[in-house]
Amino acid sequence: MNLFLIGLSYRTAPVSVRERYAVAPAQLVERDAKLVAEARLDEGALLSTCNRTELYGAARGGDLALEHMHRFLREELGDGSAAPAQIYELRGGEVVRHLFRVAGGLDSMVLGEAQILGQVKEAYRASVAARSCGPVLGRLFQHAFRAAKRMRSETALGEASVSVARVGVALAREIFEDFAGKRVLLVGAGEMAESALRGLREAGADQISVVNRTLGAAVELASRHGGAAHPLEALPAELARADIAITSVQVERPLLGTAELERALDQRRGHPLLIVDLGIPRNVDAAVAALENVYLYDLDDLEATADRGRLHRAAAADTAREIAGEEADHYLRWLAVLPHVPTLRELRERLERMAAGELARTQGADSERVAQALIAKLLHRPLEKLRREAEQGASLYYAEALRDLFGLDDGEES
């Protein structure tokens with residue numbers, strides 16, 4: 001079985017391209033099923049986060065499956081806007097090592113972020129629900145989870161873990177050194193919004209409003225961490241009051257454009273507004289950045305801030321990469337044996353039948369005699385094959401294979 005991966009990430013494509021290939025969580029199951037059918041894969045799974053969209057495939061075929069995966073990414077998920085250089089492809093062991101690094105947060109914009117593991121698990125659950133995940137990808141994901149767990153428990157990477165949302169808060173803090181007295185508007189109530197809210201509280205923000213499509217989710221988040229909850233209809237009024245707005249909602253098109261911001265600016269009387277857009281696709285139209293007194297930052301802008309926090313996690317990351325490599329090798333050994341499992345199973349079943357037949361034939365005999373008879377029966381065919389090959393002058397390969405398979409040079413009895 002061959003493993004393939006194609007995708008694009010923050011390392012290869014800007015957010016303006018990535019957002020066109022993003023897949024909403026609610027669409028993952030449907031897209032997984034289509035991926036397997038249209039790319040003609042035996043197994044397939046989609047991973048889509050704010051920083052990457054990746055297609056994982058397992059197929060008995062070779063380059064043809066990869067071609068179909070490229071077509072699916074280009075035509076089914078995106079609009080063809082990604083340049084060839086922005087799309088990467090991996091095969092075999094490279095796929096395994098890449099996924100393990102991704103799950104452990106080693107390939108994230110924010111080195112060591114914990115949120116990515118949950119997103120990888122979400123991708124796995126969706127592929128299981130779509131029945132697009134079989135034994136090869138299923139075991140691959142399970143090994144990735146184990147590798148990520150080891151990275152966090154055996155290194156200091158987990159102790160210093162941060163998230164994209166926390167980096168967004170750090171960016172806001174670089175502009176506003178002190179959050180005291182600043183009005184903060186949080187648009188969204190998901191995992192990223194909660195991470196941002198925790199960071200805001202720790203940074204000293206004490207006036208936080210949460211706006212969300214579902215008021216109940218906003219109320220729940222605000223009640224857990226403090227703040228006021230509002231329905232989405234209150235967004236214009238809250239924008240008019242806020243000093244800082246952090247957005248992280250799932251949208252198909254920008255939630256805020258120049259028209260909405262201009263109406264808010266009319267009420268602000270020249271008071272500046274900082275917007276940190278953590279959404280993918282983006283929540284705020286890029287044209288908003290041209291408005292006077294509006295300072296807009298998106299996911300691409302966070303990379304510089306994230307880089308400043310990498311150094312103290314670099315040593316832990318080196319050890320984590322070693323763990324990822326060990327776990328990848330372990331999985332690849334299993335994958336290499338997989339095609340031979342039917343042969344091994346057949347061999348075991350044949351040996352069991354031979355042993356049962358010999359025991360039945362020698363009923364009442366002493367155990368040593370039974371053992372000798374069984375050994376003779378088991379060795380008869382291999383030794384005859386070895387003798388025939390010796391007559392043809394080609395016995396060396398078979399003799400070495402027997403020594404290796406049965407560990408004759410190990411000096412151990414088992």
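This is a predicted model: local features need pLDDT of at least 70, side-chain atom pairs count only at pLDDT 80 or more; totals for chains, interfaces and linings use all residues.
## The second largest pocket

Sorted by class, the residues that line the second largest pocket comprise eleven nonpolar, nine polar and three charged ones. The space within the second largest pocket amounts to about 610 Å³, and 23 residues make up its lining, of which Pro-25, Gln-115, Gln-119, Met-192 and Gln-250 lie nearest the centre. Two elements, α5 (115-129) and α8 (191-202), each give two or more residues to this lining, and the largest share, six residues, is supplied by α5.

His-98 belongs to helix α4, which covers residues 93-103. Is this histidine buried or exposed? With a relative accessibility of 6%, His-98 counts as buried, because the limit for that class is set at under 20% relative accessible area. When its neighbours within four places in sequence are left aside, the residues in contact with His-98 are Leu-5, Arg-52, Glu-54, Tyr-56, Tyr-88, Leu-90 and Asp-107.

## Salt bridges

Side chains of opposite charge can pair when their charged atoms come close.

Arg-74 forms a salt bridge with Glu-75, with 3.9 Å between the closest N and O atoms; Arg-74 is partly exposed at 40% relative accessibility, whereas Glu-75, with a relative accessible area of 55%, is exposed. Another salt bridge joins the side chains of Arg-91 and Glu-89 at 3.7 Å, N to O. In this pair Arg-91 counts as partly exposed, with a relative accessible area of 38%, and Glu-89 likewise counts as partly exposed, at 36% relative accessibility.

## A link between helices α6 and α13

Which parts of the chain does the salt bridge between Glu-327 and Arg-150 bring together? The side chains of these two residues meet at 3.0 Å, N to O, and the pair links distant parts of the chain, since Glu-327 lies in helix α13 (residues 314-337) and Arg-150 in helix α6 (residues 135-154), 177 residues apart. Glu-327 has a relative accessible area of 6% and is therefore buried, the cut-off being under 20%.

Terms used
Residues are numbered from 1 along each chain as its sequence is written. Side-chain values use heavy atoms; hydrogens and water are left out. Helices (H or I, at least four residues) and strands (E, at least two) are DSSP runs, numbered from the N terminus. Buried means under 20% relative accessible area, exposed over 50%, partly exposed in between (1.4 Å probe, protein chains only). Contact means heavy atoms within 4.5 Å. On a 1 Å grid over the protein atoms alone, a cavity is a set of points where a 1.4 Å probe fits but cannot get out, and a pocket is an open set with protein on both sides within 12 Å along at least five of seven lines; lining residues have an atom within 4 Å of a point. Grid points are joined across faces, edges and corners, and a volume is the space filled by probe spheres set on the points. Ala, Val, Leu, Ile, Met, Phe, Trp, Tyr, Cys and Pro count as nonpolar, Asp, Glu, Lys and Arg as charged, and the others, Gly among them, as polar. A salt bridge is a side-chain nitrogen of Lys or Arg within 4 Å of a carboxyl oxygen of Asp or Glu.
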